[in-house]
Amino acid sequence: MPHDHEASSTAERPEDLFRAAAPHYALHRPGLPAEAVRLLAETVRDVERPVLLDLGTGTGQVPAALLPAVPRLGRVDLVDTSRGMLDEAARVLVPLLKGRAAGFHQAAAQDFTPPYDGYRADLVTCARAAHWMDLPAVLAMADKVTTPAAAVAIMGDGSLWTHEAPWTVELRALIRSYLGAERRAGTSLYKEPARSHEDVLAESAFSEVATYRFPVRRTWTPDRVLGYLRSTSFAGAEQFAGRHAEFEAEARRLLEQRAAGAGLVEDAVFTVLLARRPGGSR
């Protein structure tokens with residue numbers, strides 16, 4: 001089965017925020033809505049053997065959704081700074097590749113290096129990860145490695161940290177009681193991007209942007225929420241300096257109480273910013 005697991009530098013990064021979280025991420029992070037998968041598939045409808053470049057791939061949720069939806073996919077390239085995430089992605093994707101080529105690249109998104117001369121991607125995706133990236137540099141890279149009619153899709157639906165429901169507000173307050181008021185990101189504090197993704201896209205080569213919003217209702221279980229939290233940079237086990245078991249016990253009590261009442265319901269909106277070069281629409 002043709003795939004290149006060493007396509008980019010494999011040197012361990014100083015801080016791999018998601019290495020320990022990768023198995024939990026694969027198990028507990030919500031996937032892509034079916035409507036979003038259909039939208040992405042439509043972008044390569046007229047391409048005979050499309051190439052997918054997925055940035056900040058995590059455990060490979062985007063290619064895992066698109067490989068069955070687009071049997072014509074000829075190649076997928078997955079880019080992530082976390083070796084742990086790429087290892088999980090390889091485990092998930094190998095049964096889905098069915099002979100199709102894949103590259104697993106441990107690198108920052110803007111540092112992606114095409115795996116061969118003449119490489120051109122038809123679709124570039126980034127799901128729930130653009131806020132970690134130097135987005136202008138990423139889009140400049142994408143401009144160099146894509147076909148003229150390629151689409152760039154930046155996608156996300158927030159997180160249980162940002163969602164506003166009574167139970168998530170209480171859960172966030174509990175996390176803050178252990179870790180402090182500011183949102184954590186590994187050993188540092190999380191900083192919101194200075195500019196919106198829409199504004200950055202408008203100034204890039206991919207300035208023709210269409211916005212799609214897909215409402216999603218999720219009903220969580222206490223176990224699923226705790227697994228999800230272990231997958232995050234703001235409430236992973238390593239954040240709690242030996243108090244993680246204590247936190248989880250308190251969180252479970254809170255979640256079980258709320259699940260027995262109004263339920264652990266998340267009403268989210270999965271947003272897709274689908275961008276092309278001007279005149280590049282099919």
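Met141 lies in helix 5, which covers residues 135-144. In this predicted model, Met141 has a relative accessible area of 6%, and because buried means under 20%, Met141 counts as buried. What does Met141 touch, once its neighbours within four places in sequence are left aside? The contacts are Leu53, Leu55, Ala109, Gln110 and Phe112. Thr113 is 28 residues away from Met141 along the chain, and the C-alpha atoms of these two residues are separated by 9.0 Å.

The chain as a whole can now be described. The chain has 282 residues, and 53% of them count as buried. Its secondary structure comes to 9 helices and 10 strands. Of the contacts with a separation of 6 or more, 85% are between residues 24 or more positions apart. The accessible surface comes to about 12,600 Å², and carbon and sulfur atoms account for 52% of that area.

Is Thr125 buried or exposed? Its relative accessible area is 0%, so Thr125 is buried. Leu52 is 73 residues from Thr125 in sequence, yet the two C-alpha atoms are 7.6 Å apart in space. Not counting residues up to four places away, Thr125 touches Leu40, Leu52, Leu53, Asp54, Leu55, Val62, Ala153 and Met155.

Leu123 also has its place in strand 5. Its relative accessibility is 2%, and Leu123 therefore counts as buried. Between Leu123 and Leu40 there are 83 residues of separation along the chain, while their C-alpha atoms are separated by 8.2 Å. Beyond four places in sequence, the residues that Leu123 touches include Leu40, Val51, Leu52, Leu53, Leu66 and Ala151.

Next come the nonpolar cores. In soluble globular proteins, nonpolar side chains tend to be buried together. The largest nonpolar core here has 33 residues, and the members that touch the most other members are Leu66, Val76, Phe104, Met155 and Val272. Met155 touches residues from several parts of the sequence, including Leu32, Leu40, Val62, Thr125, Arg128, Phe270 and Val272, when residues up to four places away are not counted. A second, separate core holds 26 residues, among them Tyr119, Leu135, Val145 and Val152.

Helix 3 can be followed in the same way. Its buried residues are Gln61, Val62, Pro63, Leu66 and Leu67. Which elements do the buried residues of helix 3 pack against? They pack against helix 2 (34-43), strand 2 (51-55), strand 3 (75-80), helix 4, strand 5 and strand 6 (146-156).

The pairing with helix 4 can be given in detail. Helix 3 (residues 61-69) and helix 4 (residues 83-97) pack at an angle of about 10°, and their axes are 10 Å apart. Angles under 35 degrees count as roughly parallel, and the two helices are therefore roughly parallel to each other. On the helix 3 side, Pro63, Ala64 and Leu67 meet Val92, Leu93, Leu96 and Leu97 of helix 4. The residues of this contact divide into 7 nonpolar, no polar and no charged.

Where a residue lies in a loop, is it buried or exposed? For Thr59 the relative accessible area is 4%, so this residue is buried. Asp80 is 21 residues from Thr59 along the chain, and their C-alpha atoms are separated by 9.2 Å.

Two other loop residues are exposed. Lys98 lies in the loop between helix 4 and strand 4 (101-106). With a relative accessible area of 70%, Lys98 is exposed. Ala241 is found in the loop between helix 8 (222-230) and helix 9 (244-260), and its relative accessible area of 72% makes Ala241 exposed as well.

These two residues also have backbone angles worth noting. Most residues other than glycine have a negative phi. Phi of Lys98, however, is near 50°, a positive value in a residue other than glycine. Phi of Ala241 is likewise near 50° and positive, and Ala241 is not a glycine either.

How values were computed
Residues numbered from 1 in each chain as written. Predicted model: local features only at pLDDT ≥ 70, side-chain atom pairs only at ≥ 80, totals over all residues. Heavy atoms only, no water. Core = buried A, V, L, I, M, F, W, Y, C linked by side-chain atoms within 4.5 Å. Buried < 20%, exposed > 50% of the residue type's maximum accessible area, 1.4 Å probe, protein only. Contact = heavy atoms within 4.5 Å. Axes fitted to C-alpha atoms, helices over the stretch in contact; angles between N-to-C directions. Helix = DSSP H or I, 4+ residues; strand = E, 2+ residues; numbered from the N terminus. Parallel < 35°, antiparallel > 145°, perpendicular 65-115°, else oblique. Nonpolar A, V, L, I, M, F, W, Y, C, P; charged D, E, K, R; others polar. Areas by Shrake-Rupley, 256 points an atom, 1.4 Å probe, with all protein chains shown as cover.
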